[in-house]
Amino acid sequence: MSDSWLGRVLELEVGPVAHGGHCVSRVDGRVLFVRHALPGERVRAEVTEDKGGSFCRADAIEVLSGSEHRVTPPCPLAAPGGCGGCDWQHAEPAYQRELKAAVVAEQLQRLAGIEREVVVEALDDSPLGWRSRVRLVAGRDGQAGLRAHHSHRVIPIDDCPIAVPGSLDAALSKRWRPGVELETTSDGDNHLHLRELVTVRGRTQGKQLSGGMAIQHAAGRDWRLDAHGFWQVHPRAADTLAGLVRDWADAPRGGIAWDLYAGVGLFASVLAEQVGPDGQVLAIESGRRAVTDGERNLSDLPQVSWRSGRVEHLIGDAPTPVDVVVLDPPRKGAGREVVNAIAAGEPDRIVYVACDPAALARDVQFFSEHGYSLTDLRAFDAFPMTHHVECVALLQ
């Protein structure tokens with residue numbers, strides 16, 4: 001197709017939700033992924049991206065016939081041309097969870113051939129004030145803000161309604177060198193941490209401006225760790241996930257367990273309690289600072305051993321036979337190589353924590369090739385107002 005649709009305004013019937021924070025519509029044989037719309041609506045939408053293929057992207061700029069689930073976004077920047085951080089502020093919170101559940105179910109059906117009803121559970125009564133870590137960038141005027149959707153353009157902000165209240169004050173109260181990126185963290189004791197990201201010779205380094213060592217609370221333990229390292233962003237997520245891993249892992253006393261993509265060892269601590277002092281827990285994590293934090297925080301659990309490096313490089317030397325494997329891979333998932341290595345250890349149970357339903361579904365399909373089936377699944381709204389959802393799958 002030679003003629004670009006970029007900038008074209010179309011009147012659309014909005015179809016089902018799709019993975020990524022948009023809904024699907026079709027015009028003249030092309031698929032449009034439409035943001036700021038809801039299924040069943042009729043809208044006028046402006047095409048914002050057209051790379052000439054079978055699909056393009058658009059923003060709903062006028063609602064002609066609205067959904068009963070549509071609400072006024074709590075943030076005026078959650079609109080076409082505004083901040084790209086939130087996808088579903090224009091939907092009732094309960095309906096947001098229905099949309100996410102539909103996405104998880106569709107990915108499981110399409111990629112793993114599994115028909116399953118999915119419910120996404122709320123972690124808190126409010127979808128606001130939860131985001132404990134935010135990355136900001138300074139615009140041309142030095143004012144810190146957030147980027148527009150699929151853009152480097154900076155949207156200046158006075159605050160962010162999904163951020164922990166007060167957590168952005170230090171970053172927003174002064175001017176910065178244009179282009180500087182800032183990371184803010186509010187920890188489990190409501191202490192605030194701020195660092196500036198500096199690029200030197202092509203490498204990004206952090207310059208701590210305040211704080212640096214965070215205190216978090218989960219799995220019955222107090223954690224001291226790098227404030228800007230890996231930890232669940234929603235304040236209630238870490239303890240919720242650790243509790244579910246405890247229920248589903250059920251590692252035998254004296255057994256062997258693996259914690260892959262272990263972070264600072266949240267799930268390793270749970271597994272260590274279950275296997276006891278005569279068992280073994282192997283924690284593999286590629287981030288060296290996370291391993292250092294994990295070794296320090298779990299120094300009272302000698303049954304936990306740490307290896308620093310990529311899971312696909314180290315898993316071949318993991319102790320076997322393994323009873324239980326817990327994995328929490330990055331957004332791209334574990335992939336066939338890691339799945340094959342896990343299956344070779346013949347664990348009775350696999351607990352898979354996933355932040356991307358498509359990656360989870362692909363890996364579930366890979367596991368099925370080794371005889372593992374999905375026996376339970378729970379999903380949590382750990383990122384309200386966005387399209388992201390946290391899933392935990394039990395494979396046996």
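Mentor: Contact here means heavy atoms within 4.5 Å. The model is predicted, so local features need a pLDDT of at least 70 and side-chain atom pairs count only at pLDDT 80 or more, whereas totals for chains, interfaces and linings use all residues. Residues are numbered from 1 along each chain as its sequence is written, and side-chain values use heavy atoms, with hydrogens and water left out.

Trainee: Leaving aside its neighbours within four places in sequence, which residues is Pro-161 in contact with?

Mentor: Pro-161 belongs to the loop between β10 (154-156) and α2 (169-172), where helices (H or I, at least four residues) and strands (E, at least two) are DSSP runs numbered from the N terminus. Once its neighbours within four places in sequence are set aside, the contacts of Pro-161 are Cys-75, Gln-89, Leu-128 and Gly-129.

Trainee: What is the relative accessibility of Pro-161?

Mentor: The classes are buried (under 20% relative accessible area), exposed (over 50%) and partly exposed in between, with a 1.4 Å probe and protein chains only. Pro-161 counts as partly exposed because its relative accessibility is 26%.

Trainee: How far apart in space are Pro-161 and Ser-126?

Mentor: In sequence, Pro-161 and Ser-126 are 35 residues apart. From C-alpha to C-alpha, their separation in space is 11 Å.

Trainee: Which residues of the largest nonpolar core touch the most other members, and which helix gives the most to this core?

Mentor: A nonpolar core is a set of buried Ala, Val, Leu, Ile, Met, Phe, Trp, Tyr and Cys residues joined through side-chain atoms within 4.5 Å. The largest such core has 65 residues, and those touching the most other members are Leu-136, Leu-266 and Val-304. With eight residues, the helix that gives the most to this core is α3 (residues 237-249).

Trainee: At roughly what angle do the axes of α3 and helix α4 cross?

Mentor: Ala-238, Leu-241, Ala-242, Val-245, Arg-246 and Ala-249 of α3 meet Leu-266, Phe-267, Val-270, Leu-271, Glu-273 and Gln-274 of α4. The axes are lines fitted to C-alpha atoms, for helices over the stretch in contact, with angles from 0 to 180 degrees between N-to-C directions. For α3 and α4 (residues 266-275), the axes come within 9 Å and cross at roughly 35°.

Trainee: How many of the 10 residues of α4 are buried?

Mentor: The buried residues of α4 include Leu-266, Phe-267, Ala-268, Ser-269 and Val-270, as well as Leu-271, Ala-272, Gln-274 and Val-275. Just after this helix, Gly-276 takes a positive phi of about 75°. The helix α4 is largely enclosed by the rest of the structure, because the buried share of its 10 residues is nine.

Trainee: At roughly what angle do helix α7 and helix α8 cross?

Mentor: Arg-336, Val-339 and Ile-342 in α7 meet Asp-363, Phe-366 and Phe-367 in α8. The axes of α7 (residues 336-344) and α8 (residues 357-368) come within 9 Å, and their crossing angle is roughly 40°.

Trainee: What is omega for the cis peptide bond that joins Thr-320 and Pro-321?

Mentor: Pro-321 is placed in the loop between α6 (311-314) and β19 (324-327). The bond joining Thr-320 to Pro-321 is cis, with an omega of about -5°.

Trainee: What is the positive phi of Asn-190, which is not a glycine?

Mentor: Asn-190 sits in the loop between β11 (181-186) and β12 (192-200). At 60% relative accessibility, Asn-190 counts as exposed. Its phi is positive, at about 65°.

Trainee: Near what value is phi of Asp-28?

Mentor: Asp-28 is in the loop between β3 (22-27) and β4 (30-35). With a relative accessible area of 64%, Asp-28 is exposed. This residue is not a glycine, yet its phi is positive and near 50°.

Trainee: What distance separates the C-alpha atoms of Leu-192 and Ser-132?

Mentor: Leu-192 lies in strand β12 and is partly exposed, with a relative accessible area of 41%. Leaving aside its neighbours within four places in sequence, Leu-192 is in contact with Gly-166, Ser-167, Thr-185, Ser-186, Ser-210 and Gly-211. Leu-192 and Ser-132 are 60 residues apart along the chain, and the distance between their C-alpha atoms is 9.4 Å.
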